[in-house]
Amino acid sequence: MDKEMHFQSPSRLCINRYLPLRRCYRVIEKQIYLFQEDETIEYDSLIPFACTTNFVNSFSSSGILWEDFIWNLQNNRLFLMMKNKKGTSIQILLDKVVLNCVINEDCFAIKHLSPKTVRAQNMFIKNGVKLKSERGAIVWKDNLIFTYATIQDRDRARIGFAHMLPKLNLLLSEDAGEKRGQNQEYDTVEAVDDEDDGVEKIEELLEIAQFYNEAEDEIQQSDSLSGSRLGYFRFTANSDHTRVEKLAYTFDVSDFDKNQYKKGSRVKVNSLLEDGFAGTIVNIQDEAKPGRMTILFDDKFDIHDLPSAGDIGLEYNPVQKQVRDAVIDDIRSGTSRAQYFDYMLRDKSVLSFEPTDVSSLVQNLRERKYPPNPSQIQAIVKGIEAKEALLVLGPPGTGKTTVILEWVKHFVKEGKRVLISSQNNKAVDNVLERLAKEKHIETIRVGSEEKVQTNIHPFMFERKSIQLQQNITKATQKHLQFLYSDKDKVREYEELVDRGQQSWLQYEAMNRQVHAAYASITEHTIRPLKSAYEQYQTVVHHAERFKLKIEQRLQDIASYQKSNKLMKLLRYPMHQLNLRRFKSSYEQYQTLAAQEAQLADSYNRLYKTMQEQLAEPVFVSAKESLLELHSHCEKWALMLQQTPRFDSFLPAIELPGTGIDSIDILNDKALLDDVRKQCADLHQRIEWIQGAVTNWNGYLAQKQNYALAQVLLDSVNLVGATCIGINSQPRFRDIQFDVTIIDEAGQIQIHNAIVPMSRSPKVIMLGDHLQIPPSKESRVEARCNEIGISTELLGTSFFEYLYKRFPESNKMLLDTQYRMPKEIADILSEWFYEGKYISFDGKSGMKSALPSLFKKTFALVSTSDYERRHEVKVQGEGYYNPYECRLVIHLLQEALQTINPDTVNPGSPSYIVGGRHFLPSEIGVITPYKYQVNYVRKMVSKHLAQLSQDEVNDMVASLDSFQGQERPIIIYSCTRSNGLSPEAARIGFLKELRRLNVALSRCQQQLVFVGDIDFLATCNYQMRDSAGEVLTDENGDPLSGTSEKEFADFMRLILDSVKQGKAELVLSRQLHGLLQNMSRGAQ
C-alpha cells in the first residue's frame, strides 16, 4: 500500500502486498470495506505513542524498516482502534501492521506488532473507534523522540491525551462495542487473530497472580482483625535481640493462640500514642507460666510511651500486596526492567544468546584442583551468554551454589550488578556465605536481621551503613590529623618565606656596606695602583722594544767584525752608523730600565698599602658577614623552591615563574606576596574544613545520616534479598540490576517470583520442581475455587510452569551429584530424573557409616513386624508414632557412639588422629509431621540428657526445615501406619513424592528409613474427579500429591533395590535385638 494511503479515499482499495513480518503470514487479496464517518474523536494535538523496551528490542525481527514505520505513524491522520478479545489491551490499525498497545494515563504504550489481514481490517473499519488528528503522531522512548517534534510537543500531547482519555475509554467500553455491533459474528470477518499472542498469555498469568495476591491479602487482613488480642503485664529490655536502630523487648503475656502468635508474626503493641508500635515476634518461651514473647520493633521509641501493662494484637501489613501490585502494573504497562515477559511466553524462539569469548574462563575452571563437572561448566557458560532467561534444573547435591558463585564473580568482573533472591532467607544466605571471602564484591543483604544467619549480619544494609559511617568518621579523623600536620607545614613555609626575605634584606645591607668600604679603597689605592701598573706595563713594553733593537745592532757589529778587509772597506760607513744607533738605543734602554724600576717600586708600595687596607679587621669582618649572608640566602632560596607536600587534599603551593634557581627568588616581591596569599588561602580553607568535619562528625554521632545510604547503594555489586524483600523498602526499589539470579525457584509461586524477575533485563532461575513444591494456602485455594480462578499455579512454581514451556536451548540439567551414596541417587534418578541424574565417582561403593547395625549405606527399618506400630492421631494437631520414636532414639544412641569414618580418613578435611564419634550436628532426624517432630524432640531430650535443647532442636526437624541441608547421617521417620484398607486414603500428604525426594537426598554417608514398609508399599488410593476419573497431568501420569498408589509404586522400587543388593531391609525387632546386644556388651 502506498505511503500516502491512510484509508481516507472513497474508492475501493485492494491489498496486493505488505512488508514481511517475523512470522510468515498468508496474504489474500480481498476487498476492504470502508468506514463511515461516525463516532470519530476529533483530537487537536499529536497522538502520543511511547515505545516499550520489549517493542524496540524485538522490532528488528518484524522485517519492517524502522524509518518506514515511523514515517507512516507520524503522518497518519486517522487511527482505528479496538480492544482485544479479552479487553486487556488496545489494538490500532496501521496500513501495514496492527499495533498492540496498553493505554497509560498519558499515552499509548506500544508493546508489539501483529500482522494486518483483510479480515482484521474489515473488523476495524466496521467496529473500531476512530481517533482523528490532523497533526499525526509523536513517537518516543525515554527522552529520545523519533518523530519531527520536541520535548515540549511531547509534554503537550501527553496532557491533551489525559484530557481525551475518558471519552476514548467510554467509546471502547463493552456497551459502546455492542452498539457498534462489535460482538456480532461475521462469516467473512474475524477479530484480529492473536491466539498465540504472548500479551494474552501474560495477561492471563498476571490476572491469576493478582488474584492470588488479593486473596492472600484478604486472609491476612481477616486474621489481623479477627485474631484475639493478647494481654501483657510486664516488659523488659532484651539486648540479645536488639538490632541496629531497632529495640527488642520481652513481654510477660497471658495464654495465647500459638497458631496466630508465633515466631515471625507481625504484631502491634498498644501505646499511649494513637498508632502503637509495630514489630516482629523473634522469640517465644511458652514452656513455663507466664509465657514470654520477645518483639523486635521496627523503630526506636521513647520507652515512656509504652504502658507498663497493655495488649498486643496481630498487625495487618499491606507492604506485601503493594509490592506485588506495583510489579504487576509495571509488567502490564511495559515499564518493568524485565522486558522479556511477553516474548518468552509468546514466541520463545526470541529468547537469545550473546556469543561471548569465555575460553579463558573455561580453561581456568578446568585447571582448578577441584574443577566443575561438564554440566556445571555448561551452565556457567549458558548463564553468561543467555540474553534474557535461563532455567537450570538442579537436583539434590549437584552444586547449584558453585555455579551461582561463578556467575556472580563473572558478572561483577564485567561491571554488572547482580541480585540474588529466593523465597526463603536461608537460600539467600547460603549463597552470600560462600561469596563472603570475595573481597572485590561489595555485598548488601536486604531483610530483617532476626531472619538472617548470624554470619551474614555484617552484610546487612543497616550494619553496612553504620560501618560506612564509622569508616567515614575514621577517615575524616585521619584527614583531620593530616590537616593539622599540613597546617603546620603551611605555617612553617610562611616562616621560611619571612626568614628568607629577612636574610635577603640583611644581605643587601651588608653588601652595600662592603661596597662602600671597597669604593673608598678603590678611590685612594686601587685606582693609583692600577695607573702605576698601566705605566709600568708601558715602560716595560718600550724597554723590550729597545732591547730588541740593541740585540739587532750587536748582531750587525759582530757580522762586520767577521768580514774580510774588502767587505769591511765596503761596509765601513754602515758600520759607523750602527755604532751610533747602538749607543743611542742603549742609552734609551738604560733610561727605560731606570723608569721601570721606579714604577715597580711605586706599584709595590701601593699594592702593599692596598693589602694593608683590605686586611683591616672591619673590612674583613664585613666581607665574611656578606659571604655568610649570601650562603644563608642561597639556602632559603633552595628551601623555598621545595614547596611542602601535603598529606591531605589541599592544593599544592605554586611558585609563579618556575625555573628560578638562585637567590633572586628572595628579591622577587611579587612572587613572595603571591606565596603569602596562597598560604593565607590555605589557612582559611583548613579552618573551614576543620569546622565542617567537626560538625559532620558531631552530626553522625547523634543521628545516622541517610544520605550515606545512596553512597552505599551506588557502590554495591551484589544484593541478596527475598522475593518480596527486595521491593519492600523504598530505598532499594530504584537500584538498577543487570542480572537476577533466583535460587530454590522450584518453591516460588508466580506472584512472588515476578517481583525479583522484574528487577533486571535478564533472569537466571535455579531450582528443582521435583522436590518440595510451593506451600499452598488452603484458604487462598478455597477463595480461588469460589470464583473459578485456576489454582494450578498455587501448587506449581513459576519455575516449573516455565520449564515445561521453555525451548531446550534455554533450560538445562545439572546432572552430577556429590552428596549421597550412589545407590540412593540411582533410585531418585530412575523415578524423578529420567535416569539422567548421575553420581560422582567418589560416591560409589561407600561403606555403611553405622557398620555395627547395617551393611549398606541405605537401610530400611521396617516396623511391619511389630503389632503396636501404628500412628496416634491428635485431634487438630496431627500424628505421632511412639514406636518409630523409640527406634529413632535407639539409632541416635548408637550413632553418637560410632566413629565418623571421615574423621579417620587422612584425605578428609575432618581428619583427626584416632577419629571421633559422630557429633549431634552431623545427624539429622527428619519426619514430615510437626507433632512427631515435637514428640521425638521431647523423648530425645529425656533419654539423651547429654544433649542441649538447641542441639536436639537442630538435629530433629521437619522436612521443610531440612531442604537445602545435608548431614552425614539422616534418619527418616515416616510416622504414618494404620489399619485402613489399601483402597482408602490412609497416608495423607506423605504421598507427595517430591517431599520424599527431599527426605532421601539429605544424607552424605548413611540413610536410615524407618516406617511400616508393608503398609506403605500396598497403598492403592488415587484421587478422582467428579466423573470418577483419576486425576492426571498432561502426560497421563497421576497429578503430583494425589496418588497413594504412586507412592506405593515408589516404595516397591526401593524394595527392588533391596533385592538387587543395593539397599538393606532390617526388621525393627531384629534391629532392637542388635541394639540390646550392643548395650549389654557395652555394660
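## Positive phi at E834

In this predicted model, E834 occupies the loop that connects helix 23 (822-832) with strand 24 (838-839). The phi angle of E834 is near 55 degrees, a positive value in a residue other than glycine. With a relative accessible area of 66%, E834 is exposed, the cut-off for that class being over 50%.

## Positive phi at T975

A positive phi also occurs at T975, where the angle is near 80 degrees, again in a residue other than glycine. T975 belongs to the loop between strand 30 (967-973) and helix 28 (993-1000). Is T975 buried or exposed? T975 has a relative accessible area of 0% and is therefore buried, since buried means under 20%.

## The largest nonpolar core

In soluble globular proteins, nonpolar side chains tend to be buried together. The largest nonpolar core of this model comprises 57 residues, and the members that touch the most others are F341, I750, I754, M757, M765, F798 and L802. Helix 6 (residues 198-226) makes the greatest contribution to this core, namely nine residues.

Which residues does F798 contact, leaving aside its neighbours within four places in sequence? They are L205, F341, I748, Q749, I750, A753, I754 and M757.

Key. Residues numbered from 1 in each chain as written. Predicted model: local features only at pLDDT ≥ 70, side-chain atom pairs only at ≥ 80, totals over all residues. Heavy atoms only, no water. Helix = DSSP H or I, 4+ residues; strand = E, 2+ residues; numbered from the N terminus. Buried < 20%, exposed > 50% of the residue type's maximum accessible area, 1.4 Å probe, protein only. Core = buried A, V, L, I, M, F, W, Y, C linked by side-chain atoms within 4.5 Å. Contact = heavy atoms within 4.5 Å.
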